[in-house]
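Please look over the sequence and the model shown here before reading on. The paragraphs that follow lead from a surface feature to the helices and then to a charged pair.

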Amino acid sequence: MRAARERGESQSDWKTVRERIEAGIEPEEDEDSPEGTGAIREAIAKRRAGRPAGSSTKEQVSLRIDRDVLAAFRATGPGWQTRLNAALRDWLETHSSAP
């Protein structure tokens with residue numbers, strides 16, 4: 001199916017699909033498997049869109065970091081942002097002026 005889409009042979013009229021979604025028109029029941037259509041709709045309704053809820057202890061910011069420093073953290077692989085956060089926390093703990 002993916003190969004057919006890549007060749008431009010998809011039989012879905014995506015423009016019409018989008019228009020119907022925007023108009024709030026529900027798709028018709030599948031004549032061959034009406035219970036399947038219901039199951040799919042239930043699964044879609046249960047699915048939460050977007051990213052999973054994160055902890056409320058973090059805040060997204062825009063930060064300018066030297067390219068070589070950023071490249072070094074990214075080179076460590078997945079989880080580099082967590083390691084960068086840990087490095088900043090460590091610096092705060094070693095450079096804190098609190099007694």
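Which residues form a nonpolar patch on the surface? The patch consists of V61, L63, I65 and V69, which together have about 340 Å² of accessible area. Patches are made of residues with over 30% relative accessible area and no salt bridge, with like charges joined within 9 Å and nonpolar side chains (Val, Leu, Ile, Met, Phe, Trp, Tyr) joined within 5 Å; accessible areas come from the Shrake-Rupley method with a 1.4 Å probe, and for residues only the protein chains shown count as cover.

This is a predicted model, in which local features need pLDDT of at least 70 and side-chain atom pairs count only at pLDDT 80 or more, while totals for chains, interfaces and linings use all residues. Residues are numbered from 1 along each chain as its sequence is written, and side-chain values use heavy atoms, with hydrogens and water left out.

The protein has five helices and zero strands, giving the pattern α-α-α-α-α along the sequence; helices (H or I, at least four residues) and strands (E, at least two) are DSSP runs numbered from the N terminus. Of its 99 residues, 3% count as buried, where buried means under 20% relative accessible area, exposed over 50%, and partly exposed in between (1.4 Å probe, protein chains only). The protein exposes about 10000 Å², of which carbon and sulfur atoms supply 52%.

The axes of α4 and helix α5 (residues 80-94) come within 8 Å and cross at roughly 120°, the axes being lines fitted to C-alpha atoms, for helices over the stretch in contact, with angles from 0 to 180 degrees between N-to-C directions. The two helices α4 and α5 are therefore oblique to each other, since angles under 35 degrees count as roughly parallel, over 145 as roughly antiparallel, 65 to 115 as roughly perpendicular and the rest as oblique. Here L70, F73 and R74 in α4 meet W80, R83, L84 and A87 in α5, contact meaning heavy atoms within 4.5 Å.

A search of the whole structure finds one salt bridge, defined as a side-chain nitrogen of Lys or Arg within 4 Å of a carboxyl oxygen of Asp or Glu. E19 forms a salt bridge with K15, and their closest N and O atoms are 3.5 Å apart. Because E19 and K15 are four residues apart in helix α2 (residues 14-23), they are separated by about one helical turn. E19 is partly exposed, with a relative accessible area of 42%, whereas K15 is exposed, at 59%.
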